[in-house]
Every structure is written in C-alpha cells, then in structure tokens.
Amino acid sequence: MKIFIGRPESCGLNYQPFYIIDMLYKHFEITEKVGEADIIVFPGSAACSMGATWNSLLYIRDVLREKKPKAKTYLTGCLARDYSDPRLKSVYSVLEEVIDYIIPQNQPNLLLKLISPEIFGDLKNDAFGGSSINGDTASLHISGGCLNHCSFCKTNYQKLPLISADLDTLKKTIDYYDVNGIKTINLLGINVCQYGLDINGTYLLPSVIEYIENKSNIQSIELTGFAFKDAIKGDFASTFKDSSKLKLIDGGLESGSDRILSLMNKGFNRAEFLSFVEKITAKYPKTFVLNIIAGFPTETLEDIKLTLDILKNLNLEKVNVIEYIDSEIVPSSNLVQLSDEEIEKHSKIYQKVLSSRNVPNKIF
C-alpha cells in the first residue's frame with residue numbers, strides 16, 4: 001500500500017502534522033506521485049483566514065485531480081474545525097464532497113487508526129505530545145489549544161480543548177535529553193503557559209522550568225507560544241527571575257496601547273507587561289521574540305507610538321509584524337475595520353522604526 005502525503009501546512013505550534021508524517025514514514029511506503037497512491041493524507045491544513053482557507057482548498061483540489069478512483073482520502077488540521085457558523089458551511093460542504101475522512105486536528109491518533117487499525121490500534125485517541133531534535137536543540141510540544149479568547153484569534157473558535165502532555169512522560173523525555181547531548185530545550189504550545197491547567201487546574205510550566213533548571217547538561221530553555229496574560233495571572237515571575245537557563249520568550253504582545261489591548265481582550269495592560277518583564281530580567285537577562293498586530297480595527301498612529309515605546313527598551317531578538325486579517329468567525333470583525341491601504345501603512349511604520357533601531361523584523 002502506497003501513501004501520498006500532502007503539504008504539511010502549519011503555523012509551527014501544532015505538532016500533529018509532523019507527528020502524523022513521522023508515523024506514516026515508519027510504517028508505509030511513501031510515494032510522491034498522487035496517481036500511485038492508495039491513500040492520500042493531508043496532515044496539516046490552514047484556515048487562519050479566508051485567504052488561507054481557500055488556498056488550502058485549491059491545493060487539495062489540485063492534488064485530488066490526479067488521484068486514482070479508489071484511493072481513500074484523509075484530512076486533518078485547521079480545515080477540520082467546527083464550521084457550525086452558517087457563513088462558513090460552504091467550506092465544509094466542499095471538503096465533504098472530496099474527502100473520505102475528516103478528522104479533528106487534536107485527534108491525530110484517530111486518523112492513524114482509521115488508516116490502519118492493525119498497526120495503530122493500540123494508540124490512545126487523546127494522546128498528546130511530540131518532540132523533534134535538530135543538532136543539540138530539542139523541541140517539545142507540551143500543550144495544544146487555548147482557554148483564552150483574544151478577540152482576533154481564530155484558534156479559539158476552532159473549539160479545540162486545552163490538552164497537555166503527560167507530566168511524567170515530559171520529565172522522562174527531559175531526563176533522556178539531559179544525558180544525550182541536548183543543550184537547548186524549546187517548549188512549545190498554542191499557549192505554552194497554560195500547560196497543566198487541564199491536568200489539575202494549576203499552571204505547571206513554572207515547575208517544568210524548575211525541573212530543567214536542575215539538570216546538569218541542558219544549558220538553555222526557550223518558550224514558544226507564550227501568553228503574557230497567563231504568566232502574569234499565574235505569577236510566573238518569581239520562577240522565571242531565578243532561572244539562569246531561561247533565555248528566550250517568544251509570544252504575542254500584539255500592542256502596547258491599553259485601548260487596543262482591551263479591544264483585543266488580551267487580559268493584561270502595558271503596565272502589567274512592563275512590570276512582568278522588569279521582574280523576570282532583574283537577575284538574569286532574557287531575550288524576546290514578539291508578535292505585534294499592525295492595523296487592528298481602530299488602531300491609530302498614537303497606538304503605534306505606544307507600542308513602539310514599549311518595544312524600544314526590550315532585549316529583542318526579533319519582532320514579527322503581523323498585518324491584521326479580518327475573519328467573520330471572530331469578535332474583532334464587529335469593530336470598525338481599517339482599509340487594506342491603512343493596514344499596509346501601519347505595518348510599514350512599524351518596520352521602518354524597528355529597522356532604524358536595528359531590530360530584526362518581518363511583515364506577515
């Protein structure tokens with residue numbers, strides 16, 4: 001049996017596409033020719049905007065033009081979300097016409113079991129966690145989903161529950177890495193800060209940081225998918241301040257304007273953000289990779305100035321300037337929208353000022 005694996009579209013915070021691909025490569029013959037395949041798998045699909053949604057659909061259409069008549073098709077990823085909103089029903093209707101099995105993004109093991117119950121029948125449907133190694137750096141996906149409701153975020157409206165990797169398994173993995181040459185551990189999640197809330201109702205990320213801190217050979221910790229709201233609410237500051245290994249925090253600031261932060265429902269204000277950063281950098285330096293949104297509905301030049309004012313005093317490795325894309329499924333679509341020209345203008349202001357400060361940046 002031959003399997004064709006479609007393009008793994010992912011924002012990088014989801015482990016599932018790469019986990020599925022790895023499992024399929026271990027057990028099946030993989031072909032790059034669609035017409036040869038008995039099974040066609042789309043392990044990751046994008047739906048963060050209507051543009052991304054239609055691009056994914058067009059790619060699927062182009063692939064399936066070459067499939068043989070009896071080949072079975074499987075799809076997961078963001079395109080498999082809940083399309084109960086009547087305005088988006090047409091998307092799901094298109095998928096149902098061409099895909100045999102549509103599996104929720106947070107159930108990759110279900111997809112594998114549907115392909116081969118003989119090989120994958122013992123996998124648990126709710127199993128979570130994935131890891132990869134690149135040189136002496138290990139990336140560990142420790143949580144999926146998010147309980148926050150930022151007004152612009154499409155992830156929350158895919159109705160994916162928070163799910164955390166098993167703590168004992170995570171610790172054993174860290175132990176293994178510590179004695180096998182890993183120097184840097186990158187902990188990732190859609191909201192890495194909420195790790196553990198679904199396990200026992202408490203934030204467990206600080207205890208994981210402390211656990212790694214006591215390892216002999218691991219030298220640095222990076223956090224990707226960082227939510228400042230939860231870090232502030234969960235009082236992560238004391239643990240983070242005392243960690244000499246926590247080097248990099250990669251997450252969403254989005255704006256430095258209290259007015260915009262409130263409209264975004266971010267759950268913190270600029271004073272709380274600055275106080276948190278001050279506390280965690282008081283003992284050991286920390287570097288930040290931050291996302292900011294250019295052109296959020298009603299954003300003004302004064303809001304941009306406030307955001308740039310916050311950024312100027314941080315130790316920044318990079319700033320991702322993300323141009324706001326409206327979507328009918330999120331609350332921010334009900335606000336007064338800026339024109340495409342205004343959004344582009346705002347993103348270029350951010351880029352110009354950041355570049356003048358020699359801060360690496362990129363517009364998305």
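Student: What kind of model is it, and what should I keep in mind about the numbers?

Tutor: It's a predicted model: local features need pLDDT of at least 70, side-chain atom pairs count only at pLDDT 80 or more, and totals for chains, interfaces and linings use all residues. Residues are numbered from 1 along each chain as its sequence is written, and side-chain values use heavy atoms, with hydrogens and water left out.

Student: OK, sheets. In what order do the strands of the open sheet of 5 strands come?

Tutor: The order is S2-S1-S3-S4-S5, with parallel pairing. Strands here are DSSP runs of E, at least two residues, and helices are runs of H or I, at least four residues, numbered from the N terminus. Two strands pair if DSSP finds at least two bridges between them.

Student: And which strands stand at the edges?

Tutor: S2 and S5 (101-102) do; each has a single partner strand, so one side of each is left without a neighbour in the sheet.

Student: What packs on that sheet and touches S1, S2 and S3?

Tutor: Helix H1 (residues 16-27), and its direction makes about 160° with that of S1. Contact means heavy atoms within 4.5 Å. Axes are lines fitted to C-alpha atoms, for helices over the stretch in contact, and angles run from 0 to 180 degrees between N-to-C directions. Helix H4 (residues 108-115) lies across S1, S3, S4 (72-75) and S5, running at about 170° to S4.

Student: How many bridges join S1 to S3?

Tutor: There are 3, and S1 and S3 (residues 39-42) run parallel. Phe4 stands opposite Ile40, and Ile5 stands opposite Val41. On the S2 side, S1 (residues 2-5) pairs with S2 (residues 29-30) over 2 bridges, also in the parallel sense, with Ile3 opposite Ile30.

Student: Switching to helices. Which residues of H8 are buried?

Tutor: Leu205, Pro206, Val208, Ile209, Ile212 and Glu213. Buried means under 20% relative accessible area, exposed over 50%, and partly exposed in between (1.4 Å probe, protein chains only).

Student: Where do the buried residues of H8 fall, seen down the axis?

Tutor: They fall within an arc of 160°, so they line one face of the helix. The arc is that of the directions from the helix axis to the C-beta atoms. As for partners, the buried residues of H8 pack against S7, H6 (167-178), S9 (184-189), S10 and H10 (237-241).

Student: What about H12, which residues are buried there?

Tutor: In H12 (residues 270-280), Arg270, Phe273, Phe276, Val277 and Ile280 are buried. Down the axis of H12 they fall within an arc of 130°, so they line one face of the helix. The face turned away from that buried side carries the exposed residues Ala271 and Glu278. At the start of H12, a side-chain oxygen of Asn269 reaches to within 3.2 Å of the backbone nitrogen of Ala271.

Student: Now the core. Which residues touch the most other members of the largest nonpolar core?

Tutor: Of its 51 residues, those are Leu187, Leu205, Leu223, Phe226 and Phe240. A nonpolar core is a set of buried Ala, Val, Leu, Ile, Met, Phe, Trp, Tyr and Cys residues joined through side-chain atoms within 4.5 Å. Not counting residues up to four places away in sequence, Leu187 touches residues including Leu140, Leu205, Val208, Ile209 and Leu223.

Student: Last one: where is Asn265, and what is its phi near?

Tutor: Asn265 is in the loop between H11 (258-264) and H12. Phi of Asn265 is near 60°, a positive value in a residue other than glycine. Asn265 is partly exposed, with a relative accessible area of 40%. Thr298 also has a positive phi, about 75°, although it is not a glycine. Thr298 is in the loop between S12 (287-294) and H13 (301-311), and counts as partly exposed at 25% relative accessibility.

Note on methods: A polar contact is a pair of N or O atoms within 3.5 Å; within protein, one must be able to donate a hydrogen and the other to accept it, and residues adjacent in sequence count only if both atoms are side-chain atoms.
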